[in-house]
Amino acid sequence: MSILISLFIFDISISSRSLLGFQFFCFQRNTASITTMSGTRKKALLKVIILGDSGVGKTSLMNQYVNRRFSNQYKATIGADFLTRDVNIDDRTVTLQIWDTAGQERFQSLGVAFYRGADCCVLAFDVTNAASFKSLDSWRDEFLIQASPRDPDHFPFVLLGNKVDLESQRAVSSKRAQSWCQTKGNIPYYEVSAKEALNVEAAFLAIARDALARESQETNDFPEFPDQIRLNPNQQNQQNSGCNC
Amino acid sequence: MFDAYTPNEVALRLPVEVTCLAFHESKQTLLAGGQAGHLYAYSISANRRGFELTNICKTFHKKAVMELKVCQREDLLLCVSDGQLMAHRLSDPEYKVETLIHKIKKVQTFARFSPKTSGDLYVIVSSVKRLYLFKWGEKDGHKEFIEVALDYNPEFGDTPTHIKCVGEMVFFSARNQYYSMTMQKDKIAARTPPDDKSATSPIPEGWNGFVKSLVNFNCKPGIIPMIDRRRVAFVRNETVVTTDIWGNRPVNGFSDEYKFSEVPMQIVYDSPYLVGMLSKGRVEIRSIFDGQLVQTMSLPKAMTLCNGARGQVFVAATSDIWIMDTSQNLRKNVSHLIQEREFEMAIQLADNSNLFADEHKIEIKKKAALNLFNQKKFDESFALFGEIKTEVLTILRMFPELLPDGFQKVAGTVSDMPANDRMRALLALGNYLSEIRTEHAKHIDLYHRLRASGQAKKADTEEMEKLLLTLRVVDTTLLRCYIKVNTKPALVDSLIRLQSNACTFEDAKKILETEGRLRSLFILYESRKKHEMALDLLIEQSSRPDADPFFDDATQQIVEYLQSLGNSNLPLILKYAKWVLAKDLDAGVQIFTSDETEMARNLNRKTVVEFMKTECPEAMIPYLEHVIFKWEEPSSFFHETLLEYYVARVNSLFKDYVHAFPDAYSDENITRAGDEDGELGIIRKRLLRFLEISHSYSPQTVLLQLAPHAFFEERALILGRLKQHDQALALYVNTLKNIPAAEDYCRLYYNSNDETNSQVYLLLFRALVHPNQHHHPRLQVDPDSTPFGSFRDDVSETSTLANSTSSYQPDVNTAIKILAKYADKIDTVAALNMLPAKTPLRVVFSAINAVIQTTGRQASTRKMEKSVSQCAMSKKLERKNRAQATKIIVNFSSECVVCEKKIAVSAFVRYPDGRLAHLYCHNDSQTGIRT
């Protein structure tokens, strides 16, 4: 593995950058919890990762949601970066830690550690760009393999079709996106526009809700180690033949 | 228990009492402060045996030295004596006083504070129930401690006695309580721009501290940061409790607690040991991992501990100093620990020291990882295996069920474990392998990029082949692993679909076949572009009642699959399309007419048509309709083929239809074209629409193909295309008796600018008035001169046929209605002339009325046009007259304004201002301007 030292430097810089970011975040979070010490409720942190081809508007979506800002200027994201925003769900304050990734990077460059520990994966595509829709399968597959979630069938994914303000240039119909979602186990689908702040708020709220629901269920499902393991091989075979996923 | 440390003397029987120690690491020097204010420095002797006194400073202080701290980078030795905090020059043999903090006279204790966000040195000083913050900086030309505002909530009521800082956190004790203080730089103070222009003094720095009480205690305070473990320990009577570096206790209770045999006076952390100073000179050493007692030793009158280099602790008694060193017994201890299976400690000791070669360390870790594996701590085990980059195969050998036959079996594998543990092992293995495969795929991808840019070396290529080989094994095993672990079947499909998936196709196929995972098998075929296998599988499954629900809609899947293949796979598409077409015509046509992608649109249409001709003629019409109407194919080949199929279809349907309803077209029961029940009506409607819209078919062929004695609407349209309007209209009027259709026809073809097409309404009129007379003299066309000679025979044949059966009655009334309705589009005079002489006037009346009205309207329009023209004319004339009235005098003195020569008798021009010029000069000057 001694090849390509020069290229690795790039990777290292990415990881150290996100590491720094993370430490800083820990600190922030800590102070926050101190100042709200009077309240006994534990603050939940949900890690949300946005994936998708370059130029579909991942950074814009995140910026619109967190900062309520939009810029027409395109700037490629390098590595990964996050912003946080607190949302209230059923009188519970949840911190959404939204990780924006670089669409130009190859899938593997962020490493498995980045994907593992995500509470929700947001797949984004550009409704005016059919190729970005086609890549969704790759992004999803790559996420699943790298993150290795405990229960991949029910891991919360959300699909966002961005740039619906450009209706005249649409290349992917809402029906097509929806039927894709159906084949992936009824992933929720939202048509949004980061530019016009259309549906962005609602989509992220739903994302938070989904991830939260999943999280509480996960702790119920897997108190210590996965108990869904079937020990009876016959039972296993039956399930194979009658798989309805 | 084992002898972790061996004590050696540094200095014995000193003349003064030692009060405190500090270690100067870069010089390997121990500094000892004395009761009388002396300072001793001991360095490792040149022959590396023990320490020797290298310096003694008797004038260091006048009173006892209470605390010493080395600040190597700033070259400072900080020291508390007589309630004063002073900074000495460290490199100075005399240890000259650099500066001292005047402000605080009763310094209790202090700690260095080095926040990560700045490189500056700060000290936090405790004095009389308060904490102060000072920054080492420059003031008035020399370095000294400058006070920095520190604002905190005074949660504590007593003087802090012990302070330690970890990053931005400050931990301290006051009376019987430990506190944490979160430090944050006052951003507002730093940001506010100086309003007054006194820019000479920059905005004072400020810090905020948030103090929070942690735990109480009832002994000598001790705060021990353990940075490598990211924890902080607090002495609480005989127990030592720990928090994380933010001061938070573990959620799940007191997991990291250490208990000493009695209340320690002081504890230092020397990874992986906690070294405690107990009463009567006893030193107790405990493991950081499990808190077990490792060693106790007794050093007479020992009182104080001080960290030396890693693995060294100095111990000071009233007049003796020892060093406790781990290095002497280290090898022995590590092997002992390995034997005892205390791998965590062994690894920590080996990592801390430079006595062990890397291979040796890896060996230890490998043993440790194996041990973890046998303890069923699978995740930890794989993490450790991963850390030392163990060959994947070594790990895989422990999972013989995942390996193909032919790999040698080893003992102690998961096969011997209970089923539940085996599952946990497989889950952990899956996580580990997915990480490994990601790493490998990443390197392979980088290599491909390198190669693409031409930078790859030969060594890289070899390396790459190795990586690929490993990835192949990993991916294949991962596949087996996912299949075995029943909670993750979804990942099987994702893994197969990955672009970088390196499973051998045959292996993967065999695995999936044995497991009966046909759905995954299909995905494998698809992602590896084994189209035939994929399609065969779909076909095979489509007929099985017990197939996986995934194959429920196999036909649709085949259609979609074929749609995605494109021109390069056209023979394959056609091969399977045949199957689909036989099963479901609509679905089959969809293969060629999908608009989802460009693939179907770009297929070679001629080949498709040829294919359909032989294999599935029924599909031709829907296919070509899509091609022509949706994709607007202009080539006449397709138009004619479609027409041919329309006509053939219509002909055959018509035959059946007439057979079923013999009187459908009788005079009493007229069925209009396209209104027939069933398919005939539908196809005829489409045919008519096509004839109307398309311009790319050759009419004469169609006329030949259409069955005689029927399809008059179609004929009429085709004749219209040939501008044979008289015949077309005769069909409408005489044969079909459908005047509205005739009007629609006229509306379609009428064009006032075309010599022939402008006559259509008149021709309709004539057809009504003289139904038995076909050729209007003005429209007479010589049959031989047209290229459509052949069809004319045919038409005349039908018309004579029609004529022979009956002679048509003129329908003057309808003709008059037409004339009235379209008076503006008919040559009215010609029309009226055609009327039979005996037509009653009252019948003609309405028409004449319309004609007169139209003529009147036309007359007034003309009148209007005339007046407008006249008006324009008179205006022009007036201008002309005005121009002619201008008098130009050219005499002998008249000169050209350009060449200034006489005009004389040459041609000339006159400018509007009256100047004259030769025509040539004018032209020249014009062209001159132009160039």
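Reply: H8(B) passes H9(B) in a left-handed crossing. The model is predicted, and what follows is computed from it. H8(B) covers residues 458–484 of chain B, and its axis lies 7 Å from that of H9(B), at an angle of about 160 degrees. An angle over 145 degrees counts as roughly antiparallel, so H8(B) is roughly antiparallel to H9(B). On the H8(B) side the contact is made by Leu478(B), Leu479(B), Tyr482(B) and Ile483(B), and on the H9(B) side by Leu491(B), Val492(B) and Leu495(B). By class, this contact has seven nonpolar residues, with no polar and no charged ones. An α-helix has 3.6 residues a turn, so residues three or four places apart point the same way.

H9(B), residues 489–497, also has a part in covering H11(B). The cover over the buried residues of H11(B) includes H10(B), residues 505–515, and H12(B), residues 531–542, as well. Nine of the 10 residues of H11(B), which spans 518–527, are buried, so this helix is largely enclosed by the rest of the structure. The buried residues are Leu518(B), Arg519(B), Ser520(B), Leu521(B), Phe522(B), Ile523(B), Leu524(B), Tyr525(B) and Glu526(B). Just after H11(B), Lys529(B) has a positive phi of about 60 degrees.

Another helix pair in chain B can be set beside this one. H22(B), residues 712–721, and H23(B), residues 725–736, pack at about 160 degrees with their axes 7 Å apart. That angle makes H22(B) roughly antiparallel to H23(B), and H22(B) passes H23(B) in a left-handed crossing. From H22(B), Phe712(B), Glu713(B), Arg715(B), Ala716(B), Leu719(B) and Gly720(B) take part. They meet His725(B), Gln727(B), Ala728(B), Leu731(B), Tyr732(B), Thr735(B) and Leu736(B) of H23(B). By class, the residues of this contact are seven nonpolar, four polar and two charged.

Next, the nonpolar cores. The largest has 199 residues, and those touching the most other members are Val48(A), Val122(A), Tyr646(B), Leu729(B), Leu764(B), Phe765(B) and Leu819(B). The element giving the most to this core is helix H7(B), residues 419–452, with 10 residues. Apart from this core lies another, of 98 residues, which includes Phe60(B), Ile163(B), Met169(B) and Leu274(B). Leaving aside neighbours within four places in sequence, Leu764(B) is in contact with Leu729(B), Ala742(B), Cys746(B) and Ile818(B).

Tyr750(B) sits in the loop between H24(B), residues 739–749, and H25(B), residues 760–769. With 16 other C-beta atoms within 10 Å, Tyr750(B) is partly exposed. Not counting residues up to four places away in sequence, Tyr750(B) touches Asn757(B), Val760(B), Tyr761(B) and Lys825(B). Tyr750(B) and Tyr761(B) are 11 residues apart along the chain, and their C-alpha atoms are 7.7 Å apart.

Chain A, finally, has eight helices and six strands. Its elements run α-β-α-β-β-α-β-α-α-β-α-β-α-α from the N terminus on. Of its 245 residues, 34% count as buried. Among contacts in chain A between residues at least 6 apart in sequence, 74% join residues at least 24 apart.

Technical notes: Residues are numbered from 1 along each chain as its sequence is written. Chains are lettered from A and ligands numbered from 1 in the order in which they are written. This is a predicted model: local features need pLDDT of at least 70, side-chain atom pairs count only at pLDDT 80 or more; totals for chains, interfaces and linings use all residues. A residue is buried if 20 or more other C-beta atoms lie within 10 Å of its own, exposed if 12 or fewer, and partly exposed in between; C-beta atoms are placed from the backbone. Helices (H or I, at least four residues) and strands (E, at least two) are DSSP runs, numbered from the N terminus. Two residues are in contact if their C-beta atoms, placed from the backbone, lie within 7 Å. Axes are lines fitted to C-alpha atoms, for helices over the stretch in contact, and angles run from 0 to 180 degrees between N-to-C directions. Angles under 35 degrees count as roughly parallel, over 145 as roughly antiparallel, 65 to 115 as roughly perpendicular and the rest as oblique. A crossing is left-handed if the near helix is turned anticlockwise from the far one by less than a right angle, and right-handed if clockwise. Ala, Val, Leu, Ile, Met, Phe, Trp, Tyr, Cys and Pro count as nonpolar, Asp, Glu, Lys and Arg as charged, and the others, Gly among them, as polar. A nonpolar core is a set of buried Ala, Val, Leu, Ile, Met, Phe, Trp, Tyr and Cys residues joined through C-beta atoms within 7 Å.
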